[in-house]
Amino acid sequence: MKWYVTKWSSTLLLLFILPNGAFAVEDRSFTESVVIFNTICAKCHEAQCSGRLSFDEALEQSTNHILRHYQPATGKQWLQKELFDILNYMKVKCAYYPINKPVSLKKVWESDVLDEFATLLDRKYFIPVGKLSPGNYQLVLELEKDTKATVHLISEEFDMAVEDCFDSSNGRIDVQFTVEDPGNYYFRMYPREPAKITRLSITKSEIETKH
Ligand code: HEC
């Protein structure tokens with residue numbers, strides 16, 4: 001839908017957004033774009049808090065760059081624009097782009113929900129897991145098949161509570177971790193081979209970690 005992304009409309013949108021300094025979080029879900037950005041683009045652009053907005057010409061100039069890193073965005077101007085807007089949001093707000101989806105209060109996710117937070121082909125995951133208070137936790141991942149996977153648990157301040165590579169056994173990865181700073185956390189997984197997560201849970205753990 002080319003008419004949607006005319007220069008005119010995006011300029012108008014910027015004019016609308018800029019004076020109050022706020023970003024319009026649209027109802028239409030950005031989830032797919034946020035997941036792509038926070039898995040694929042995050043490798044270089046995470047926590048890039050320059051405070052400066054990039055303007056529309058930068059989007060035109062960076063089309064090839066965006067497609068080099070995420071080829072499935074070819075011909076999808078709306079997706080390129082969303083990725084660009086998410087980068088701008090991070091630069092200005094120094095925060096992850098908000099995801100307009102309720103977070104599981106029980107901190108248990110099944111595959112129907114998990115599927116929405118994965119990139120289609122390589123099954124990289126980025127999932128907002130909500131608020132965690134200080135304490136010891138256990139994170140359990142159930143995968144449809146065994147693989148090696150890099151797992152991150154990141155605070156909204158971009159601190160890593162978990163940053164490690166795990167081998168699953170019987171389709172399961174168990175991670176013990178400690179939260180020191182209360183706040184919102186985000187789970188990220190880069191599997192070596194695409195492997196669907198069928199269940200993810202985070203529970204307070206009884207096991208004391210060494211002091
Ligand atoms: C391997 C590292 C790397 C990856 C992965 C990457 N970028 Fe970049 N990107 C850069 C570098 C380096 C620059 C130039 C310096 C800058 O502006 O930060 C850049 C610049 C940009 C710019 C231009 C910003 C401006 O103001 O001119 C945009 C937009 C952009 N990247 C979007 C993306 C998106 C979207 C993705 C994911 C699909 C992505 N990048 C993936 C390294 C990367």
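I am working from a predicted model, in which local features need pLDDT of at least 70, side-chain atom pairs count only at pLDDT 80 or more, and totals for chains, interfaces and linings use all residues. Residues are numbered from 1 along each chain as its sequence is written.

**Ligand shell.** I looked up what surrounds the ligand and found 15 residues (C-beta atom, placed from the backbone, within 6 Å of it). The closest are Cys41, Cys44, Ser54, Tyr70 and Leu83. Helices H2 (31-45), H3 (56-69) and H4 (77-93) each give two or more residues to this shell (helices are DSSP runs of H or I, at least four residues; strands are E runs, at least two).

**Core.** Next I checked the largest nonpolar core, which has 47 residues (buried Ala, Val, Leu, Ile, Met, Phe, Trp, Tyr and Cys joined through C-beta atoms within 7 Å). Val34, Phe37, Leu83, Ile86, Tyr97, Tyr125 and Leu153 have the most contacts inside it. Domain 1 (2-93) and domain 2 (108-204) both give residues to this core, so it lies between them (the bounds come from an automatic or database domain assignment).

**Positive phi.** I then turned to two non-glycine residues. Ala47 has phi near 55° and sits in the loop between H2 and H3. Ala47 counts as partly exposed because it has 13 C-beta neighbours inside 10 Å (buried is 20 or more, exposed 12 or fewer, partly exposed in between). Arg123 has phi of about 50°. Its loop runs between helix H5 (111-114) and strand S2 (125-132). Arg123 has 22 such neighbours, so I log Arg123 as buried.
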